[in-house]
Amino acid sequence: MVQVNSEIGPLKKVMLHRPGNELKRVHPFHLQEMLFEDTPLLEKAQAEHDTFAGILRENGVEILYQEDMFAQAMKNESERSAFVEEFLDRSAIPSIGLRDRLAEYYNGLPLDEFVERVYTGVLKSEFDGGDSLGAVTYLDDLFLVNPLPNSYFTRDSSINIADDVILSHMGKPYRQREPLLMKYIHRAADEYRDNPTQDFCSMELPYGIEGGDVLILSDKVVCIGCTERTQPGAIEFVAANLFKKGFEAVYAFEMERGRNAMHLDGMLTMVDRDAFLFNPFLSGNVNVYKLTPASDGVRMQPVGSDWSKVLADALGESSVRLIPVGNGDEIQGFWEMWNLGGNVLTLAPGLVVCYDRNKITLDLLDKAGIEVRTFEGAELSRGRGGARCMSMPIIREAL
Ligand SMILES: NC(=[NH2+])NCCC[C@H](N)C(=O)O
């Protein structure tokens, strides 16, 4: 049963994906499209990820691996062939003959190889496409089926709020198939079966939303980044549904639409009952809008750009503590923002896990009395996500 009513309640259960051979598919000439900054070294990335997982376990968190849950869901043959249909529909296969051959190939693989091939995709050179037109044209395409190298960022492809699950509608083509894995996991896994699901990924709603943009302040209030990945229409839709469940407000943070401010969770994370890490270059410069329930749907009201005021109001407190990532330093400050200094995963109020590389921010966290567990992220950070992006909370204890 999913139960996530805050960003900071003691974390009990989480879903991760241990990076696999899909990272070896990241091509240096296609970094932008594949959403990587550089080519990650798989073995080192796995070791870093294992250290991250070890810290979670030491702190009492049960870990479920996405790849295991997906394999479990795919044991059911009709589910598997339904998945293959949807997966290939979204893989832009250039001809029907080739698509049919690929469907046959995927359906015929032993389960472990099947799962591996979903993550790693299929290179053109690896597949005998027969005499279909699709197999002999577009020869400069590298992949027939693109890999899923961003799938270790489990935060983004679905969203768990209270006992609701949202399947994301990803903003970038390279990631649009990731929520499908979650869709089939949700249908099969005990953890999810009883939870209401909003399926943004199959819905014809033309608006994107990703989990990295959604911050749950409490069982009444949620903040959502309005970014290049998450559009106003999706925020309004989610807000209207949350209001039906008793939520009282959704704050929309309007970000610049670009890779610099990719998701809200790179700009703002909650680390204690009254404390946040934030991007000091944005507060005061980007507008926040408050959505509240209204008889005819959702009411919207601008609430300025001072994040400390906005967050204090959102929590019903007189003030909050804001810790500036990189302390606003004109070069290092930007490095630390870029390298996920603000993207920490909070394990309990005042206890966070994050990369060890953002020294200015680590020092400020220490001075603020926040306990920090660190791990190296030299390879993992090449995908430009940190501890929060790499984790999907399933259960957090109530505060
Ligand atoms: N929640 C996050 N901040 N996720 C970061 C995802 C990074 C990934 N390479 C992407 O561009 O989509």
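**Cores, helices and an annotated cysteine**

Modeller: In the largest nonpolar core, which has 63 residues, Phe83, Tyr106, Phe114, Ile161 and Tyr192 touch the most other members. The largest share of this core, six residues, comes from helix α10 (residues 232–244). This is a predicted model, in which local features need pLDDT of at least 70 and side-chain atom pairs count only at pLDDT 80 or more, while totals for chains, interfaces and linings use all residues. Residues are numbered from 1 along each chain as its sequence is written, and side-chain values use heavy atoms, with hydrogens and water left out.

Colleague: What makes a set of residues a nonpolar core?

Modeller: A nonpolar core is a set of buried Ala, Val, Leu, Ile, Met, Phe, Trp, Tyr and Cys residues joined through side-chain atoms within 4.5 Å. A second, separate core of 38 residues includes Leu264, Leu282, Val286 and Leu311.

Colleague: Why is cysteine 389 called buried?

Modeller: Buried means under 20% relative accessible area, exposed over 50%, and partly exposed in between, with a 1.4 Å probe and protein chains only. Cysteine 389 has a relative accessible area of 5%, and is therefore buried. This cysteine lies in the loop between β18 (371–375) and β19 (392–396), where strands (E, at least two residues) and helices (H or I, at least four) are DSSP runs numbered from the N terminus. Contact means heavy atoms within 4.5 Å, and cysteine 389, leaving aside its neighbours within four places in sequence, is in contact with Tyr152, Phe153, Thr154, Arg155, Asp265 and Asn343. An unreviewed UniProt entry annotates Cys389 as "active site"; UniProt positions are given in the numbering used here, feature names are shortened, and annotations may be inferred rather than shown by experiment.

Colleague: How do you know that the span of helix α5 agrees with what it should be?

Modeller: The expected span is 1.5 Å times one less than the number of residues. For the 13 residues of α5 (residues 96–108) this should give 18 Å, and the end C-alpha atoms are 18 Å apart, so the two agree.

Colleague: Which residues of α5 are buried, and why are they said to line one face?

Modeller: The buried residues of α5 are Leu98, Arg99, Leu102, Ala103 and Tyr106. Seen down the axis, they fall within an arc of 140°, so they line one face of the helix; the arc is that of the directions from the helix axis to the C-beta atoms. On the other side of α5, Glu104 and Gly108 are exposed.
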